[in-house]
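Subject: Structure for your review

Dear colleague,

Please find below the sequence and the structure that I am handing over to you. My findings follow directly after them.

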Amino acid sequence: LDEPTRGVDVGARAEIYRLMTRLTEAGLAIVMISSDLPEVLGMADRIVVMHDGQITGTIADAKQATQESIMELAVG
């Protein structure tokens, strides 16, 4: 999913999150690309950060991630 909630209202955003949660609970994996850090922190199990087309780091346990730790990886 590429920026799944960009440009949608709060109600639609909540519905998208519910659908994503149901899919993962059913055993499916979701690859989500998002520039919305609170969204990433709220939805991800694992975070892979890229800068200039290269992976700069992986945070295996997203519960331990912070906006600061993600940004440190994102700026190279």
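The protein exposes about 5,400 Å², and carbon and sulfur atoms supply 56% of this area. Please keep in mind that this is a predicted model. Of its 76 residues, 22% count as buried. The C-alpha trace spans about 35 × 30 × 20 Å along its principal axes.

**Overall arrangement**

The secondary structure comes to three helices and two strands. Read along the sequence, these elements follow the pattern α-α-β-β-α. Among contacts between residues at least 6 apart in sequence, 35% join residues at least 24 apart.

**The nonpolar core**

Which residues form the largest nonpolar core? There are nine of them: Leu37, Val40, Ala44, Ile47, Val49, Ile59, Ala62, Ala65 and Ile70. Helix H2 and strand S1 each supply at least two residues of this core. As a general background, nonpolar side chains tend to be buried together in soluble globular proteins.

Leaving aside residues up to four places away in sequence, Ile70 touches Leu37, Leu41, Ile47, Val49, Ile59 and Ala65.

**The largest pocket**

The largest pocket has a volume of about 810 Å³. Its lining consists of 25 residues, and those nearest the centre of the pocket are Met32, Ala44, Arg46, Ile47 and Val48. By class, the lining has 18 nonpolar, four polar and three charged residues.

Which elements each supply at least two residues of this lining? They are helix H1 (10-25), helix H2 (37-43), strand S1 (47-51) and helix H3 (67-74). S1 gives the most, with four residues. Two of the residues named above, Ala44 and Ile47, belong to the largest nonpolar core and also lie among the lining residues nearest the centre of the pocket.

Val48 has its place in strand S1 and is one of the residues nearest the centre of the largest pocket. Is Val48 buried or partly exposed? Val48 has a relative accessible area of 45%, and therefore counts as partly exposed, since this class lies between the limits of 20% and 50%. Not counting residues up to four places away in sequence, Val48 touches Ile55, Gly57 and Thr58. Val48 and Ile70 are 22 residues apart along the chain, and their C-alpha atoms are separated by 8.9 Å.

Thr21 is found in helix H1. With a relative accessible area of 33%, Thr21 is partly exposed. Thr21 and Met43 are 22 residues apart in sequence, while the distance between them in space is 8.2 Å, C-alpha to C-alpha.

**Two residues with positive phi**

Glu3 is not a glycine, although it has a positive phi of about 50°. Glu3 lies in the segment before H1. Its relative accessible area is 18%, so Glu3 is buried, the cut-off for this class being under 20%.

Asp52 is likewise a residue other than glycine with a positive phi, here near 55°. Asp52 lies in the loop between S1 and strand S2 (54-59). Because its relative accessible area is 67%, Asp52 is exposed; the cut-off for this class is over 50%.

Yours sincerely,

A colleague

Note on methods:
Residues numbered from 1 in each chain as written. Predicted model: local features only at pLDDT ≥ 70, side-chain atom pairs only at ≥ 80, totals over all residues. Heavy atoms only, no water. 1 Å grid on protein atoms, 1.4 Å probe; cavity = no way out; pocket = protein on both sides within 12 Å on 5 of 7 lines; lining within 4 Å. Points joined across faces, edges and corners; volume = space filled by probe spheres on them. Nonpolar A, V, L, I, M, F, W, Y, C, P; charged D, E, K, R; others polar. Core = buried A, V, L, I, M, F, W, Y, C linked by side-chain atoms within 4.5 Å. Buried < 20%, exposed > 50% of the residue type's maximum accessible area, 1.4 Å probe, protein only. Contact = heavy atoms within 4.5 Å. Areas by Shrake-Rupley, 256 points an atom, 1.4 Å probe, with all protein chains shown as cover.
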